Amino acid sequence: MKICFSLLIVFFTLQVDAQKIIDFDQFIERTHQQNDTLYVVNFWATWCKPCIAEIPAFEKLNSELKSSPVKIILLSLDFKSQSSNVEAFINKNGIQSETALLSAGNPNSWIDKIDESWSGAIPATVYYRNSEKLEFHEGDYSEETLKNSINKLTQ
Amino acid sequence: MKNIAIAIFSLILLSSFVNHQGYHIGDTATDFNLKNIDGKMVSLSSMKAEGYVVVFTCNHCPFAKKYEDRLVKLNKITSAKGYPVVAINSNDAEQYPEDSFENMKVRAEEKKFNFPYLHDESQAIARTYGATKTPHVFVLNKEGDDLKVRYIGAIDDNTEDAAAVKIKYVENAIDALKSKKPIEIQETKAIGCSIKWKK
């Protein structure tokens, strides 16, 4: 009974995480930390085909790098009013990486804060460690190029 | 000799950089001749206007879809001021069949587009302009014989909710051009679907 209850709690916690909606300050707070963890933040959306195509690569590395100081965060840019699409996608595909939906208002006010070279097209991926941006990439990854890019920053 | 080599190298580097980046504010834009949904070829010069609102868009992208009705309204407003909307789809229809020329006709009919919807099949115009996503706007102003790029970016400040728009970037830019005042916001960024380049 107790185990059942704990499982239920874990289940609900995961559910809540899956559809978490964050603003820009919360995004900065989550990814800018004074530790040696590499935060790999991938901007995606459920309707974005090239984004969906590269998610398995992020998922694979997320499980391979579990014991490493690497944190993969899949940050959805779906419309806030369609957050249920994100939740459905996460549940259907059994996504294990940390996820959240970024609802940060006018993108013109925050895209440059991620990276000035970013046009706003997705997918895009940004890397932080110790509150510092290490790299930004606009466009998709293959499993190999993603792995190389993470390896380069963790060596 | 070494200096010349460095100069040449820098020039090559610079030109590749410029090519990659596309147009910036103040650049002279090239005209084009692209096939419209009615089968006729359309160039900017054939439209004879004070300037143009060139919008790279497509059928499949949810961000582009959010702006279909708004583009129809925008064209009514800006055409009356001498700046008609010209929409261009540059996506690779092989990867995205929804963005084929046939489907452009269907969408334009459904949404009652009141502006040309052109097919940039070779993707050369998107590359030249430096369009990276949909929708991506370039406001061009006729100055002498040239078409100058005067605004680049989003249509307004709220993709998700047209009713909640506070700043109409494109309309503001055209109003400024009409009244010969500096454009307050010349460049903006928005989230969009990447242009689907041919592989």
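Begin by selecting B:Cys61, which is buried at 0% relative accessible area; buried denotes under 20% relative accessible area, exposed over 50%, and partly exposed the range in between (1.4 Å probe, protein chains only). The model is predicted: local features need pLDDT of at least 70, side-chain atom pairs count only at pLDDT 80 or more, and totals for chains, interfaces and linings use all residues. Residues are numbered from 1 along each chain as its sequence is written, chains are lettered from A and ligands numbered from 1 in the order in which they are written, and side-chain values use heavy atoms, without hydrogens and water.

Because B:Cys61 sits in the loop between strand E3 (51–56) and helix H3 (62–66) of chain B, and B:Cys193 in strand E9 (residues 192–194) of chain B, the pair ties together parts that are 132 residues apart in sequence. Helices (H or I, at least four residues) and strands (E, at least two) are DSSP runs, numbered from the N terminus. The S-S torsion is about 80 degrees, so this disulfide is right-handed. B:Cys193 is buried as well, at 3%.

Now select B:Cys58. B:Cys58 is buried, at 2%.

Finally, move to chain A and select A:Cys48 and A:Cys51, which a disulfide joins at an S to S distance of 2.1 Å. The torsion here is about 70 degrees, so this bridge is right-handed. A:Cys48 is buried at 3%, and A:Cys51 is buried at 0%.

Note on methods:
Disulfide = S-S within 2.5 Å.
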